[in-house]
Amino acid sequence: MKILVDNESNDIVSIGDDDMIDQLASEIENSTLYENIVFPEGFDPDDPETFAIYTYVDNAFVVNQDELSGKVRRTRNSLLKEEVDVIVSNPLRWNSMTTEEQQEWTDYRQALLDVPQQSGFPDGVTWPVKP
């Protein structure tokens, strides 16, 4: 795998294995093409947010902690909205549950809210299991 890096900002411009990245490297001034790259765990070249989270400096990936924190929070917020809110904000669903089921959803919601307080945040988040 190859990556093309802007030498001034250390931003990753492109990732690929084909001739297109070679062509792009020849067209962009002040850039460097690195080959045979091993990506860190969690690096997803198909996720556009990856390019905001990682830079490449001195032959190593560097994580922008603010961007990574934002991505984790957006994931958490999405889970709250799509999984929890549709249950707890619907009185018919909520009232049809047993007290134990309601407590499981309450605990799950609280665990999601507590994600930023985990000791490994944002690099090593342990996601709670949905009831």
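## Serine 31

Serine 31 is buried, with a relative accessible area of 17%; buried means under 20% relative accessible area, with a 1.4 Å probe and protein chains only. Serine 31 belongs to strand E3, which covers residues 31-34; strands are DSSP runs of E with at least two residues, and helices are runs of H or I with at least four, both numbered from the N terminus.

The side chain of serine 31 reaches the backbone oxygen of isoleucine 28 at 2.9 Å. Apart from neighbours within four places in sequence, serine 31 is in contact (heavy atoms within 4.5 Å) with Leu4, Val5, Asn7 and Ala25.

## Basis of the model

This is a predicted model, in which local features need pLDDT of at least 70 and side-chain atom pairs count only at pLDDT 80 or more, while totals for chains, interfaces and linings use all residues. Residues are numbered from 1 along each chain as its sequence is written, and side-chain values use heavy atoms, with hydrogens and water left out.

## The chain as a whole

The chain has five helices and five strands, in the order β-β-α-β-α-β-β-α-α-α along the sequence. Its radius of gyration is 20 Å, well over the 14 Å that the globule rule gives for 131 residues, so the chain is more spread out than a compact globule. The radius is taken over C-alpha atoms, and the rule is 2.2 Å times the number of residues to the power 0.38.

Along the principal axes, the C-alpha atoms fill a box of roughly 65 × 30 × 20 Å. Of the 131 residues, 31% count as buried.

How values were computed
Buried means under 20% relative accessible area, exposed over 50%, partly exposed in between (1.4 Å probe, protein chains only). A polar contact is a pair of N or O atoms within 3.5 Å; within protein, one must be able to donate a hydrogen and the other to accept it, and residues adjacent in sequence count only if both atoms are side-chain atoms.
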